[in-house]
Amino acid sequence: MACSAHLLSQSLYSSHRASPAARGNLRSGERASPAARPGSSVRGCRGVSLRVAASFEQGRRQVEVSYDPQAKFNQLADQIDKDAGMTRLNLFSPCKINLFLRITGKRPDGFHDLASLFHVISLGDTIKFSLSPSKSRDRLSTNVPGVPVDESNLIIKALNLYRQKTGTDNYFWIHLDKKVPTGAGLGGGSSNAATALWAANQFAGCIASEKDLQEWSGEIGSDIPFFFSQGAAYCTGRGEIVEDIPNPLPENLPMALIKPPEACPTAEVYKRFRLEQASKDDPLTLLKEITQNGISQDLCVNDLEPPAFEVLPSLKRLKKRIIAASRDDYNAVFMSGSGSTLVGIGSPDPPAFVYDEEDYKNVFVSEACFLTRDENEWYREPISSKAAFSKDDLAASVTD
């Protein structure tokens with residue numbers, strides 16, 4: 001499998017190849033100019049010098065020697081690239097929302113069968129990978145207190161999984177610049193794991209296919225395989241059966257993400273789930289309606305909302321207030337995953353009460369849009385993407 005075409009643009013590793021301006025003015029088959037006298041040199045980047053011979057007399061016969069410095073320079077650059085390899089890589093790690101989430105049954109292994117429309121969105125973390133001289137352990141750091149940096153973190157689990165599957169021995173220094181809140185139902189940790197698998201494969205020369213990475217990732221998390229889709233997929237089973245949808249939602253459709261400081265523990269939400277309380281809507285019908293006709297409130301069904309509202313009653317009240325205050329600004333308001341993030345589709349702006357009332361001063365707020373990727377390329381953060389913030393962050397920015 002070919003490496004991603006945009007790989008070098010995402011990394012801190014710079015190509016040594018000469019720019020057109022640095023490749024000299026002498027072309028193959030062209031007579032040397034008077035300035036290119038015997039013994040003169042054409043210089044490329046990094047101080048490389050190429051000797052150029054001009055025409056000379058041999059008896060009565062003139063022999064012209066032409067030389068192609070571009071070909072020689074590129075040959076040298078290829079060797080430098082091969083010897084140096086890649087040492088650093090920065091990648092965007094976007095999160096996801098569930099536009100609908102149906103729970104269809106309980107499995108013998110204790111998991112639940114689900115049917116859901118997943119879609120990547122523009123809110124995400126940034127992960128910096130650097131090759132470590134160590135051949136025994138990875139080292140992870142992060143900007144957020146409380147995020148585990150040991151082997152319980154899905155990033156480290158993903159790197160261990162890649163080494164196990166491929167027999168490679170690359171270890172890394174990793175810095176996680178986290179913007180996606182935890183306990184949010186946005187799949188931030190799963191995205192981090194998928195991004196780590198992608199990065200490890202780039203460092204190893206892309207020896208595994210995207211299909212390999214997708215299949216392996218299901219061993220450490222149900223939501224991770226989704227991120228190896230093109231960004232929009234119908235997911236079934238535990239979530240690991242991923243089917244790309246042909247008509248992703250418009251990337252210019254805005255949304256607002258609103259998350260209270262309290263999390264909804266996924267295990268507790270599933271513990272309180274009752275199948276008899278679940279929606280009777282056919283998930284394939286929901287999928288067809290959303291992809292063909294767009295998003296509406298009646299289509300954004302989430303069977304985990306009732307148990308999540310039992311775990312966190314204030315979340316139910318918040319959803320009702322958002323709907324009442326939105327004045328039809330949103331096409332739909334719903335909870336993503338197992339919570340506790342509420343999503344308003346159709347406007348990037350949250351209701352004014354989120355900013356005005358003291359009870360909501362610690363609410364997480366972010367605007368976002370839908371995001372996809374091309375095959376064999378990783379997700380890129382949109383240039384227009386804005387950082388998430390809380391009410392306190394907004395006040396601090398005004399003060400500054």
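## A right-handed crossing

Helix α3 passes helix α5 in a right-handed crossing. A crossing is called right-handed if the near helix is turned clockwise from the far one by less than a right angle, and left-handed if anticlockwise. The contact is made by L161, Y162, K165 and T166 of α3 together with L213, W216 and S217 of α5; here, contact means heavy atoms within 4.5 Å. Sorted by class, the contact of α3 with α5 has four nonpolar, two polar and one charged residues. In this sorting, Ala, Val, Leu, Ile, Met, Phe, Trp, Tyr, Cys and Pro count as nonpolar, Asp, Glu, Lys and Arg as charged, and the others, Gly among them, as polar.

How are the two helices set against each other? α3 and α5 pack at an angle of about 120°, and their axes are 11 Å apart. The axes are lines fitted to C-alpha atoms, for helices over the stretch in contact, and angles run from 0 to 180 degrees between N-to-C directions. The two helices are therefore oblique to each other, the class left over once angles under 35 degrees count as roughly parallel, over 145 as roughly antiparallel and 65 to 115 as roughly perpendicular.

## About the model

You are looking at a predicted model: local features need pLDDT of at least 70, side-chain atom pairs count only at pLDDT 80 or more, and totals for chains, interfaces and linings use all residues. Residues are numbered from 1 along each chain as its sequence is written, and side-chain values use heavy atoms, with hydrogens and water left out.

## The whole chain

Let's step back for a moment. The protein chain has eleven helices and 15 strands; these are DSSP runs numbered from the N terminus, with helices being H or I of at least four residues and strands E of at least two. Of the chain's 400 residues, 47% count as buried. Buried means under 20% relative accessible area, exposed means over 50%, and partly exposed lies in between (1.4 Å probe, protein chains only). Among contacts between residues at least 6 apart in sequence, 74% join residues at least 24 apart.

## What covers helix α5

Back to α5, which spans residues 210-217. Its buried residues are E210, L213, Q214, W216 and S217. What covers them includes α3 (154-166), α4 (188-203) and β10 (241-244).

## Salt bridges

A search of the whole structure finds 13 salt bridges, each one a side-chain nitrogen of Lys or Arg within 4 Å of a carboxyl oxygen of Asp or Glu. One of them joins the side chains of R102 and D303, at 2.7 Å from N to O. This pair links distant parts of the chain, 201 residues apart: R102 lies in strand β5 (residues 88-106), and D303 in the loop between α7 (283-293) and α8 (305-311). Are these two residues buried or exposed? Both R102 and D303 are buried.

Another salt bridge pairs E358 with K361 (3.5 Å, N to O). E358 is exposed, at 52% relative accessible area, whereas K361 is partly exposed at 32%. Elsewhere, salt bridges that share partners join R107, D109 and D113 into one network. Within it, the closest N and O atoms of R107 and D113 are 3.2 Å apart. R107 is partly exposed, with a relative accessible area of 21%, and D113 is also partly exposed, at 25%.

## Around T142

T142 sits in strand β7 (residues 139-142). Which residues does T142 contact, leaving aside its neighbours within four places in sequence? They are V147, V149, H175, L176 and K178. For H175, 33 residues away along the chain, the C-alpha atom is separated from that of T142 by 5.5 Å.
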